[in-house]
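Let's take a guided walk through a protein model together.

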Amino acid sequence: MKYTIDKQEKYSLLRLHEEKLDSSVAPGLKSELITLHAEGVRNIVLDLAEVKYTDSSGLSALLVGNRIVQEDGGIFILTTLSDHTLKLIKISQLDSVLNILPKVEEAIDAVFMHEIEKDLKDSDGN
């Protein structure tokens, strides 16, 4: 699996350098997301700009990433999805579960908004 990770203080940006997010790539993506989370990364932005095709095992990897990050109070955002991947997510009715934004910059802004909201909730004692 080809990818790059840009680790920042509040989030990690994982860019997948693969044309297909399928059964040959999904297990590697899953384990990378789990590893990032285990290293203490709470917020993950997944840039899928190069991915043209996704199958059910790819969706499964995305859902694993979403679940482990949300369980920890973080946010998992998918960005720059191909039409095919977006269509698959909508058909599967996962667009209500997954956070999807069109641009990496918007996803990063959303991470900071999430952190601010979380800090506000924490300071309210909720």
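Predicted model: local features only at pLDDT ≥ 70, side-chain atom pairs only at ≥ 80, totals over all residues.

## Starting from the sheet

Ser 12 stands opposite Ile 44 in β4.

β1 and β2 make a hairpin, and four residues lie between them. As a general point, the strands of a sheet pair through backbone hydrogen bonds, in either a parallel or an antiparallel way.

Now look at the whole sheet. It is open and has five strands in the order β1-β2-β4-β6-β7, with mixed pairing. The edge strands are β1 (3-7) and β7 (99-101), each of which pairs on one side only. On average, neighbouring strands of this sheet are turned by 20° against each other, with direction ignored.

How enclosed is β2 by the rest of the structure? Four of its five residues are buried, so β2 is largely enclosed.

## Helices against the sheet

Helix α2 (residues 56-71) lies across β4, β6 and β7, and runs at about 145° to β6. Helix α4 (residues 104-124) also packs on the sheet, where it touches β2, β4, β6 and β7. The direction of α4 makes about 165° with that of β6.

## A residue inside: Thr 79

Strand β6 (residues 76-79) includes Thr 79. Is Thr 79 buried or exposed? Its relative accessible area is 0%, so Thr 79 is buried. The side chain of Thr 79 reaches the backbone oxygen of Lys 103 at 3.1 Å. Leaving aside residues up to four places away in sequence, Thr 79 touches several others, among them Val 45, Leu 46, Leu 101 and Ala 107.

## Rings and a charge

The structure holds one aromatic pair. The rings of Tyr 11 and Phe 112 have centres 6.2 Å apart and planes at 80°, so this pair is edge-to-face. The pair links distant parts of the chain, with Tyr 11 in the loop between β1 and β2 and Phe 112 in helix α4, 101 residues apart. Tyr 11 is buried, whereas Phe 112 counts as partly exposed.

There is also a charge to find: the charged end of Lys 20 sits over the ring of Tyr 53, 6.0 Å from the ring centre.

## A glycine in a loop

Gly 74 is placed in the loop between α2 and β6. Gly 74 and Glu 115 are 41 residues apart in sequence, and their C-alpha atoms are 8.1 Å apart in space. Not counting residues up to four places away in sequence, Gly 74 touches Arg 42, Asn 43, Val 69 and His 114.

| Residue | Relative accessible area | Class |
|---|---|---|
| Thr 79 | 0% | buried |
| Gly 74 | 5% | buried |
| Tyr 11 | 9% | buried |
| Phe 112 | 36% | partly exposed |

Definitions and conventions
Residues numbered from 1 in each chain as written. Heavy atoms only, no water. Helix = DSSP H or I, 4+ residues; strand = E, 2+ residues; numbered from the N terminus. Buried < 20%, exposed > 50% of the residue type's maximum accessible area, 1.4 Å probe, protein only. Polar contact = N/O pair within 3.5 Å; in protein donor to acceptor, adjacent residues only side chain to side chain. Contact = heavy atoms within 4.5 Å. Pairing = 2+ DSSP bridges. Axes fitted to C-alpha atoms, helices over the stretch in contact; angles between N-to-C directions. Phe/Tyr/Trp six-rings, centres within 6.5 Å; stacked < 30°, edge-to-face > 60°. Lys NZ or Arg CZ within 6 Å of the ring centre and 35° of its normal.
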